[in-house]
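Trainee: Hi, could you walk me through this model? I have a few quick questions.

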Amino acid sequence: MKTKLIPIVLGTAMGAAATAANAATLDDVKAKGFVQCGVSQGLPGFSNPDAQGNWTGLDVDVCRAVAAAVFGDASAVKFTPLSAKERFTALQSGEIDILSRNTTWTMSRDTSLGLNFAGVTYYDGQGFMVRKALGVTSALELSGASVCTNTGTTTELNVADYFRTNNMPYEIVAFEKSDEVVQAYDAGRCDVFTTDASGLYAERLKLSNPGDHMVLPEIISKEPLGPVVRQGDDQWFNIARWTLNAMINAEELGVTSANVDEMKSSENPEIKRLLGIEGAFGEGVSLSNDWAYNIIKQVGNYGEAFDRNVGPDTPLGIARGLNALWSKGGILYAPPIR
């Protein structure tokens, strides 16, 4: 391993953000007829295009759910691939209406960038991936390692904290685009690849020989990932927040894309409120009363989206873990609709 320790790049200096489009996002979205959603440039399971340019993934499903809530049409969404460095500027400038791109909710981002996080779609944590041939079984054996990662992310800061705390020298090798990081690691330009653990499992699929690599057991940070909107537009913020809450509540109530029509005749008052049979909860988010029905019918509940994109039966094979409902051993929890 290399022993050179180079200065840490402390992320992108965002500064105080000026939001170019603060209000009436819903009006703008309705006028153009679609939701413009910022996503990653390709992260399997979360936001990834196929050869025909069709986007799929857990983050993508959040965008489609917002479109279903607003238009009753989950296809009324266009995607803007963004690097980690580009993502916040694109949202601040009004280039996109919502950012749904493996983005960690932190205090500085929430309070200093003119942005609001609408909730958590995936509870993650930063990990390390190495070649099995390296013979390393713990991150505590990485002294002197060269570490590949993205610029403009929290990962560089977490790496600095971890290696300093454990008195280990290291060298950071950073790139703007995720695929550049993967290619550099695959080409042997660094010993270690670090990002959120979910990202490591996803990016491993892109390596020449995925089976030659392993994710080390240590998780060194809290990385709650979720969708982001601009500050100053409570109406749009409520739509983003309650779209996610509706998906989580639907799973808890056992309402799925397959049974949602049958559930309309349920006697459960919580289900009646969720599906717009009782009450006028659509008014609170400036939408029709069947806004949540449309989300569930066309996109599904949170559990369906998780299983379809990153769950145990997908190439990523990720267990629910922390992302299970609070009633099933996880920490996923949404306020009630009432």
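Mentor: Happy to. Helices (H or I, at least four residues) and strands (E, at least two) are DSSP runs, numbered from the N terminus. This is a predicted model, where local features need pLDDT of at least 70, side-chain atom pairs count only at pLDDT 80 or more, and totals for chains, interfaces and linings use all residues. Residues are numbered from 1 along each chain as its sequence is written, and side-chain values use heavy atoms, with hydrogens and water left out.

Trainee: What does the protein average in pLDDT?

Mentor: The average is 92, and 93% of the residues score at least 70. pLDDT is the predictor's confidence in each residue, from 0 to 100.

Trainee: And where does pLDDT stay under 50?

Mentor: Over residues 1-21. Where pLDDT is low, the predicted coordinates should not be read in detail.

Trainee: Okay, new topic. Where does lysine 206 lie?

Mentor: In the loop between helix 7 (197-204) and strand 12 (213-215). Lysine 206 is partly exposed, at 30% relative accessible area; buried means under 20%, exposed over 50%, partly exposed in between (1.4 Å probe, protein chains only).

Trainee: Which residues does lysine 206 touch?

Mentor: Leaving out residues up to four places away in sequence, they are Gly42, Pro44, Asp179 and Val182. Contact means heavy atoms within 4.5 Å. The lysine 206 side chain also reaches the backbone oxygen of glycine 42 at 2.7 Å. That is a polar contact: a pair of N or O atoms within 3.5 Å, where within protein one must be able to donate a hydrogen and the other to accept it, and residues adjacent in sequence count only if both atoms are side-chain atoms.

Trainee: How far apart are lysine 206 and aspartate 179?

Mentor: They are 27 residues apart in sequence and 8.8 Å apart in space, C-alpha to C-alpha.

Trainee: On to the sheet. What is the strand order?

Mentor: Five strands form an open sheet, ordered 10-9-11-8-12, with mixed pairing. Two strands pair if DSSP finds at least two bridges between them. Strand 10 (170-175) and strand 12 are at the edges with a single partner strand each, so one side of each has no neighbour in the sheet.

Trainee: How do strands 9 and 11 run?

Mentor: Parallel: strand 9 (residues 145-150) is joined by two bridges to strand 11 (residues 192-196). Valine 147 has valine 192 in strand 11 as its bridge partner.

Trainee: Which strands does helix 6 lie across?

Mentor: Helix 6 (residues 178-186) lies across strand 8 (126-131), strand 9, strand 10, strand 11 and strand 12, at about 155° to strand 9. Axes are lines fitted to C-alpha atoms, for helices over the stretch in contact, and angles run from 0 to 180 degrees between N-to-C directions.

Trainee: Now helix 12: buried or exposed?

Mentor: Six of its eight residues are buried, so helix 12 is largely enclosed by the rest of the structure. The buried ones are Trp291, Ala292, Tyr293, Asn294, Ile295 and Ile296. Their cover includes helix 2, helix 8, helix 9 (260-263), helix 10 and helix 11 (281-284).

Trainee: Last one. What does the side chain of threonine 314 reach?

Mentor: The backbone oxygen of valine 310, at 3.4 Å. The backbone oxygen of glycine 311 also lies 2.7 Å from a polar atom of the threonine 314 side chain. At 13% relative accessibility, threonine 314 counts as buried.
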